[in-house]
Amino acid sequence: MRERINTALRAAQDASDKRRCATLRLIQTAVKDRENAAREHGKDGVNEDEVVDILQKMLRQRDASAEEFESGGQLDLAEQERIEQAIIREFLPEQLSEAEVRSACESTVKEIDAHGLRDIGRCMSELKSRYPGKMDFVQASCVMKDMLRNAGNENTGGEPGDEASN
């Protein structure tokens, strides 16, 4: 992935695309910063999954900034954030749709027999191993919490008479 970013940066420089160059340099800087931090803690650097995490975080940051700019009436700045998001997305694996994320969460809950919020760690760990880089795990965590919260309520007898059927 890093080589793809470097190649894209060289192409953007050749095309004199300043916005693209700036965004790609931001990506490179974020990855280098994370690598330096990892080395300070005795690790060899960052792997591809960590690069994907960095890119997903950058997307979320730009989304939040764009929303703030839009609500403040600064549409030109919001548009710049959206352009940067599009550039960053080029380097991420194809993301699952919201419906696919919900379906993956449902199947994971059933397969590991999760019953409540106490099982969220196991569920998220399983999702991360099955779908590395293919979903926004912040979004998936929210979906999973809703499912497990509801599952926990069902198991604690949300309706009178449910205890007899459990």
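The model is predicted; local features need pLDDT of at least 70, side-chain atom pairs count only at pLDDT 80 or more, and totals for chains, interfaces and linings use all residues. Residues are numbered from 1 along each chain as its sequence is written, and side-chain values use heavy atoms, without hydrogens and water.

The protein chain contains eight helices and zero strands. Helices are DSSP runs of H or I with at least four residues, strands are runs of E with at least two, and numbering starts at the N terminus. The order of elements is α-α-α-α-α-α-α-α.

The C-alpha atoms occupy a box of roughly 70 × 45 × 25 Å along the principal axes. The radius of gyration of the protein chain is 20 Å, whereas a compact globule of 166 residues would have one near 15 Å. This radius is taken over C-alpha atoms, and the globule rule is 2.2 Å times the number of residues to the power 0.38.

Of the 166 residues, 34% are buried. Buried means under 20% relative accessible area, exposed over 50%, and partly exposed in between (1.4 Å probe, protein chains only). Among contacts (heavy atoms within 4.5 Å) with a separation of 6 or more, 57% join residues 24 or more positions apart.

The protein chain carries 25 positive and 34 negative side chains. Lys and Arg count as positive, Asp and Glu as negative; His and the chain ends are not counted.

Serine 16 sits in the loop between α1 (2-14) and α2 (18-40). Serine 16 counts as exposed because its relative accessibility is 58%.

Definitions and conventions
The place of a charge is taken as NZ of Lys, CZ of Arg, CG of Asp or CD of Glu.
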